[in-house]
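Try each one yourself before reading the solution.

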Amino acid sequence: MNDMSMNTKTQVWIEICRLEDIPPQGARVIRATLGCVALFRTASDKVFALEDRCPHKGGPLSQGIVHENGVTCPLHNWVIDLETGVAKAPDEGRARTFPVQVRDGRVLIDRALLA
Ligand code: FES
């Protein structure tokens, strides 16, 4: 686990929803200033935030299948790593990822995402 106090830039964490608001092995979409961001919940209750656009042809990753730490895009089955946003080889490309954390059952994101 990262020590957030070690970050050089100041992050302000705000609650965006509760963990239970995201379906297990599913996603929930929030509107951020830079577009739609998908919050993914894995079977082990880890949460990741990625732009809701597949690096292939912009498919809605939030409607994909979540498995372990990856999501399979619903359009052409590319597999995107939820931690890094990188497409699994031989496919290439990367979806943008955003900082997110779960604390006491609450899902927190960097306020800068919504500013
Ligand atoms: S748009 Fe996602 S695999 Fe093609």
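**Exercise 1.** In which strand does Ala32 lie? Then work out whether Ala32 is buried or exposed, and list what it touches.

Solution. Keep in mind that this is a predicted model.
- Start with the strand: Ala32 sits in β2, which covers residues 26–32.
- Next, accessibility. The relative accessible area of Ala32 is 13%, and the cut-off for buried is under 20%, so Ala32 counts as buried.
- Now the neighbours. Leaving out residues up to four places away in sequence, Ala32 touches Val37, Leu113 and Leu114.
- Finally, a distance: Ala32 and Asn69 are 37 residues apart along the chain, and their C-alpha atoms are separated by 23 Å.

**Exercise 2.** How many salt bridges does a search of the whole structure find? Go through the pairs and sort their residues by accessibility.

Solution. As background, side chains of opposite charge can pair when their charged atoms come close.
- The search of the whole structure gives three salt bridges.
- Take Arg106 and Glu15: their closest N and O atoms are 3.7 Å apart. This pair ties together distant parts of the chain, with Arg106 in β10 (residues 106–110) and Glu15 in β1 (residues 13–18), 91 residues apart. Arg106 is partly exposed at 25% relative accessibility, and Glu15 is partly exposed at 40%.
- Move on to Arg28 and Asp21, whose closest N and O atoms are 3.9 Å apart; the cut-off is within 4 Å, so the pair counts. Arg28 is partly exposed at 33%, and so is Asp21 at 36%.
- That leaves Arg41 and Asp45, which meet at 2.8 Å, N to O. Arg41 has 11% relative accessibility and counts as buried, whereas Asp45, at 35%, is partly exposed.

**Exercise 3.** Which side chain of opposite charge is nearest to Asp52, and how far away is it? Then find out what the Asp52 side chain reaches instead.

Solution. 
- Asp52 is buried, yet it has no salt bridge. The nearest side chain of opposite charge belongs to Arg31, 8.6 Å away.
- Look at the backbone: the Asp52 side chain reaches the backbone nitrogen of Ser62 at 2.8 Å.
- Ser62 is also among the residues that Asp52 touches, including Val29, Cys36, Gly59 and Pro60, once residues up to four places away in sequence are set aside.

Key: Residues are numbered from 1 along each chain as its sequence is written. This is a predicted model: local features need pLDDT of at least 70, side-chain atom pairs count only at pLDDT 80 or more; totals for chains, interfaces and linings use all residues. Side-chain values use heavy atoms; hydrogens and water are left out. Buried means under 20% relative accessible area, exposed over 50%, partly exposed in between (1.4 Å probe, protein chains only). Lys and Arg count as positive and Asp and Glu as negative; His and the chain ends are not counted. A polar contact is a pair of N or O atoms within 3.5 Å; within protein, one must be able to donate a hydrogen and the other to accept it, and residues adjacent in sequence count only if both atoms are side-chain atoms. Contact means heavy atoms within 4.5 Å. Helices (H or I, at least four residues) and strands (E, at least two) are DSSP runs, numbered from the N terminus.
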